[in-house]
Amino acid sequence: MEGAFGSDFGSSGGGKLDPGLIMEQVKVQIAVANAQELLQRMTDKCFRKCIGKPGGSLDNSEQKCIAMCMDRYMDAWNTVSRAYNSRLQRERANM
């Protein structure tokens, strides 16, 4: 049975596993999972904050609230991500 990556997951021919390829595939999966989590959390938080009475469409104030909420959420996420990555790089340099 083939998996999501086909029958030669991580192989470079001859049945040997390529650790570099496997690591790259894992990194891609983690990045996708992080993006999905970001989108889900942002959607949940902004919906709760901005939508008082769910209906068939959003009025102008709800649209503006959603847009501003998403912008602020993304700005905060990016700020935290940059700080986290910077700290990781400093710690790696000090090892």
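Modeller: Gladly! This is a predicted model. Let's begin with a side chain meeting the backbone: the Asp18 side chain comes to 3.1 Å from the backbone nitrogen of Gly20.

Biologist: Where does Asp18 lie relative to α1?

Modeller: Asp18 sits in the segment before α1, the helix that covers 19-50.

Biologist: Now the whole fold, please. How many helices and strands are there in the protein?

Modeller: You will find two helices and zero strands.

Biologist: And how many of the residues count as buried?

Modeller: Of 95 residues, 12% are buried. The accessible surface is about 7,900 Å², and carbon and sulfur atoms account for 57% of that.

Biologist: Which residues make up the largest nonpolar core?

Modeller: To read a core, look for buried nonpolar residues whose side chains are joined. Here the largest one has eight members: Leu38, Met42, Cys46, Cys50, Ile51, Ile66, Cys69 and Tyr73. Both α1 and α2 (60-93) give at least two residues to this core, with α1 supplying the largest share, four residues.

Biologist: Could we zoom in on one member? Which residues does Cys46 touch, leaving out those up to four places away in sequence?

Modeller: Cys46 touches Ile51, Ile66, Cys69 and Met70.

Biologist: What share of contacts with a separation of 6 or more joins residues 24 or more positions apart?

Modeller: In this protein, that share is 28%.

Notes. Residues are numbered from 1 along each chain as its sequence is written. This is a predicted model: local features need pLDDT of at least 70, side-chain atom pairs count only at pLDDT 80 or more; totals for chains, interfaces and linings use all residues. Side-chain values use heavy atoms; hydrogens and water are left out. Buried means under 20% relative accessible area, exposed over 50%, partly exposed in between (1.4 Å probe, protein chains only). Contact means heavy atoms within 4.5 Å. Accessible areas come from the Shrake-Rupley method with a 1.4 Å probe; for residues, only the protein chains shown count as cover. A polar contact is a pair of N or O atoms within 3.5 Å; within protein, one must be able to donate a hydrogen and the other to accept it, and residues adjacent in sequence count only if both atoms are side-chain atoms. A nonpolar core is a set of buried Ala, Val, Leu, Ile, Met, Phe, Trp, Tyr and Cys residues joined through side-chain atoms within 4.5 Å.
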